[in-house]
Amino acid sequence: MGSSFKIGRAFGIDVKVHWTFFLLLLVFGYFAYQRSGSLASALVTVGLIVALFVFVLLHEFGHSLVAQRLGIEIPDITLLPLGGLARMKTLPEKPADEVKIAIAGPLVNVALAVIFFVLAYLFGAGLPNYRGVPSGPISVGEILAYFALTNVVLAVFNMIPAFPMDGGRVLRGLLATRMGTVRATDVSAAVGQAFAFLFVVFGITSGQFLLVLIAIFIFFGAGGEAQMMRQRETMRGLSVSDVMGTRRRTETVTPWHTFGQVLDSVIHGYQEDFPVVDENGKLVGMITRNEILAAAHSPDRFSTVRDLMKTDFPTISPGADLFKDGQRLLQESGLRAIPVVDENGELAGMLTIEDIGQASLLRDFRQQSGF
Ligand SMILES: [Zn+2]
């Protein structure tokens with residue numbers, strides 16, 4: 001976030017404030033001074049807004065600490081006039097994790113509300129009526145009651161089921177366990193935009209223009225979130241079977257082929273590494289270009305595949321994640337190709353370095369064009 005000042009650091013997270021936040025304090029302080037003509041009441045107003053943002057900050061720490069426990073790195077939290085933003089290095093993979101992270105923020109406000117209501121009660125204050133930010137002179141009990149109410153509002157407001165509100169994320173997380181992330185995002189983005197529309201109508205008819213502003217913020221937040229999610233899913237969704245050479249396009253050899261026959265295939269075909277399959281279609285070995293070329297110049301050229309093939313090599317399932325599993329396995333094994341084997345132990349195809357290369361070219365292209 002550009003033009004933000006670092007004001008502190010806690011739990012390994014930088015706390016930053018966007019410059020427009022100071023503008024917000026100035027504007028509210030100015031109007032409070034205009035209305036009351038007293039510097040003290042202007043300072044009370046500014047103090048209460050600062051307190052509001054302390055609660056927002058604690059709310060963001062609620063998200064952040066749960067995210068950290070789930071293995072997600074949080075470099076910083078930025079306070080903006082419209083709320084806080086905890087930046088995550090990576091997004092939660094599991095829908096259940098997203099729900100936990102999203103709900104942790106509002107839960108902090110629920111806890112704070114309870115504490116402040118009890119304190120306000122002890123200081124003899126009743127429930128305040130919420131008519132905007134109060135300006136001085138006010139009692140300690142009134143301040144505590146105001147803090148309690150502020151936290152109730154923060155919890156309720158954030159649980160509105162609309163992106164980028166926490167409620168929207170909770171809704172998506174819950175839906176995603178049933179219908180998959182992409183569809184869950186589309187559904188909850190639609191719900192969010194419907195809420196935004198209601199806010200605009202209500203805001204205009206009641207003259208609450210702040211609500212209209214928030215609605216616009218939600219409307220674009222919902223659309224942006226849905227698009228980002230779709231992009232992430234198209235790439236993450238790639239599995240080995242999406243790019244592998246299928247069984248029909250994979251030339252195989254049997255253990256009883258002679259070496260000369262394999263050499264012939266290497267010279268006359270496009271394939272360099274061959275799965276070795278027995279009469280039942282079961283994968284029993286693998287013979288790679290390196291072994292074939294080495295044998296070509298040795299007395300081994302008269303032996304059978306069974307004598308030359310590798311029997312110790314990794315295999316991968318068709319449903320495995322292409323980049324997370326496929327690419328890693330290829331890199332770790334140092335092989336140029338690995339056989340893809342289905343749950344029955346039968347050969348489903350071959351995954352090669354070239355397959356990965358083409359898929360990552362496509363990925364980079366899509367990311368650059370902001371698809
Ligand atoms: Zn939140």
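Me: How do you know what share of the contacts in this protein join residues at least 24 apart?
Reply: In this predicted model, two residues count as being in contact if their C-beta atoms lie within 7 Å. Among such contacts between residues at least 6 apart in sequence, 60% join residues at least 24 apart.

Me: What makes a residue of this protein buried, and what percentage of the 371 residues are buried?
Reply: A residue is called buried if 20 or more other C-beta atoms lie within 10 Å of its own, and buried residues make up 34% of the 371 residues here.

Me: Why are E1 and E2 said to pair?
Reply: Pairing requires at least two bridges between the strands. E1 and E2, the latter covering residues 13–18, are joined over 6 bridges in the antiparallel sense, so by that cut-off they pair.

Me: Why are E1 and E4 said to stand at the edges?
Reply: The open sheet has 4 strands in the order E1-E2-E3-E4, with mixed pairing. Strand E1 (4–10) and strand E4 (83–87) each have a single partner strand, so one side of each is left without a neighbour in the sheet.

Terms used: Residues numbered from 1 in each chain as written. Predicted model: local features only at pLDDT ≥ 70, side-chain atom pairs only at ≥ 80, totals over all residues. Helix = DSSP H or I, 4+ residues; strand = E, 2+ residues; numbered from the N terminus. Buried ≥ 20, exposed ≤ 12 C-beta atoms within 10 Å, placed from the backbone.
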